[in-house]
Amino acid sequence: MRTPPPAVVRTIQRLGAALQRAAGALQPPQARFLEVSGGVAAVLLLRAALETRLVEPLAGRRATAGEVAGELGLHADTVHRVLRGLAVYGVTRLGRDGRFALTRVGELLLEGHPHSMAGWIRYVTSDANLAGWRRLPESLRDGRPAFNAATGRSIWEHLAEHPEEEAGFARTMRELTLLSAPFIVAAYPWPAAGTVCDVGGGTGAMLAEVLRARPALDGVLVDQAGPLASAGEYLASRGVAGRARTVEGDLFAGFDAEADLYLLKDVLHDWDDDQCRAILASVRAAAPAGARVLVLEWLQEPNVASFPVSVSDLMMLAQTEGRQRSPAELQALGAAAGFAPGRVIDTGVYGIVELVAAG
Ligand SMILES: C[S@@+](CC[C@H](N)C(=O)[O-])C[C@H]1O[C@@H](n2cnc3c(N)ncnc32)[C@H](O)[C@@H]1O
C-alpha cells in the first residue's frame with residue numbers, strides 16, 4: 001500500500017478538526033451534548049449488530065429488514081429500527097424502498113473482511129473494557145489505574161485467565177497494527193540486513209511488515225505464550241516464518257534476544273513510568289552496545305488535546321497502568337535505562353522515537 005506523506009496526513013487531520021469546530025460553532029451548545037451522548041448508542045448498536053451477525057446478510061447486496069430478519073431468525077421490526085439507527089452513524093444506507101446496504105464503513109463489520117474492525121468493537125464494548133471506564137471517577141480521586149482497581153488484577157492477568165478474550169485482543173491489536181504499519185515502514189530507514197526484535201510484539205503483525213520490506217532482515221518476536229500461540233501461523237501467512245523465530249519472554253523478568261534493532265510498539269503506553277524503566281532495562285540487558293530501540297506510539301504532548309491521541313491516553317487510563325507520552329518523556333525513560341536519544345519521526349499517524357543503547 002502506498003502511504004500519503006506525513007504532511008498530507010496532518011493537513012487532512014487538521015482540516016477535519018477545523019470543519020468539526022466550525023460545525024460546532026454554528027449549533028447551540030446543548031446540541032453537542034446530544035451528539036456526544038449518541039456515542040453510547042452508536043457503539044452499543046455496533047456491539048448488538050456483531051452479536052447477532054446482523055450485517056452479514058448485507059454482504060454485497062441490498063435487502064429489507066424482513067429479509068435480514070428471516071435469514072437470521074430475528075425480529076423484523078427491531079431489525080429495521082437497528083439497521084436504520086446504524087444508517088445514522090454511516091454504517092448502513094437506507095433506501096426509500098426500505099432496503100438496506102452496507103457503506104464502506106459498514107463493510108468493516110463483516111467477519112471475513114481483510115480489514116475487519118469487528119474485533120476492535122468487541123473489545124471496546126467488552127465487560128473488561130467497560131469495567132475500567134466505569135471506575136474513572138475513583139481514578140480521578142486516587143489516580144489508581146481504573147481496571148486494576150475495579151477487578152483486582154491487571155488487564156494482562158485478566159486476559160491470561162480468559163484465553164478466548166486474550167486471542168480476541170491479540171487479533172484486534174493485529175488489525176489495528178496493520179493500519180499503522182505501512183506508515184511506520186515507509187517512514188524509517190530500516191537496515192538492509194541484521195536482526196530486528198519486536199518486544200511485546202503480539203502475533204507478529206509489525207515484525208512481519210518490516211521483514212517483508214527488507215528481505216535480508218531476520219526477526220525475533222518476544223511475547224507471552226498466549227499471543228505467541230497463533231504467531232507462527234500468522235508469520236507463515238505473511239511469508240516470513242522462515243526468517244522469524246518466537247521467544248516466550250517477560251517484559252520485566254527479561255528475555256534472551258540479541259538484535260540490532262528492537263521495536264516496542266504500543267507497549268510502553270500500557271505501563272507506568274517505573275514499569276517502563278524496568279522494561280527498557282530488560283531491553284538494554286538483551287541489547288548489544290549501539291543497538292537501537294524504536295518506541296512506536298501515538299505521541300502526546302502534555303498541553304495538546306487531539307484525537308485520537310488524547311482519547312487513547314484515556315483508554316490507557318481506563319484499561320492499563322499507562323499513558324500516551326511525548327518524545328521528551330520517552331527519551332527521559334530511555335536515559336534512565338542507558339539509552340541515548342536518537343531520531344524522532346512523526347509519520348503523521350504514529351510517532352517513532354529512537355533510543356540508542358549507550359556503549
Ligand atoms: C497493546 S499490545 C501491543 C502488541 C503489538 N506490539 C502491537 O502493537 O500490535 C501489548 C503486548 O504486550 C504483551 N505483554 C503484556 N505484558 C507482558 C509481559 N509481562 N511480558 C511480555 N509481553 C507482555 C501483550 O501480550 C501484548 O501482546
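# Close-up views of a predicted model

**View 1. Cys 197 is buried, with a relative accessible area of 0%.** Here, buried means under 20% relative accessible area, exposed means over 50%, and partly exposed lies in between (1.4 Å probe, protein chains only). Cys 276 counts as buried too, at 0% relative accessibility. A search of the whole structure finds zero disulfides, a disulfide being a pair of cysteine sulfur atoms within 2.5 Å.

A quick note before the next views: this is a predicted model, in which local features need pLDDT of at least 70 and side-chain atom pairs count only at pLDDT 80 or more, while totals for chains, interfaces and linings use all residues. Residues are numbered from 1 along each chain as its sequence is written, and side-chain values use heavy atoms, with hydrogens and water left out.

View 2. A side-chain N or O atom of Thr 177 sits 2.6 Å from a ligand oxygen. A polar side-chain atom of Gln 224 is 3.4 Å from a ligand nitrogen, and a polar backbone atom of Leu 251 is 3.0 Å from a nitrogen of the ligand. On its own the ligand has 590 Å² of accessible area, and the protein covers 94% of that (Shrake-Rupley method, 1.4 Å probe; for residues, only the protein chains shown count as cover).

**View 3. Strands β9 (residues 339-346) and β10 (residues 351-357) pair in the antiparallel sense over six bridges.** Pairing requires at least two DSSP bridges; strands are DSSP runs (E, at least two residues), and helices are H or I runs of at least four, numbered from the N terminus. Pro 341 stands opposite Leu 355 in β10. The hairpin has four residues between its strands, and Gly 348 takes a positive phi near 90°.

**View 4. Ala 259 lies in the loop between β6 (244-248) and β7 (261-265).** Ala 259 is buried, with a relative accessible area of 3%. Its C-alpha atom is 9.6 Å from that of Asp 198, 61 residues apart along the chain.

Technical notes: A polar contact is a pair of N or O atoms within 3.5 Å; within protein, one must be able to donate a hydrogen and the other to accept it, and residues adjacent in sequence count only if both atoms are side-chain atoms.
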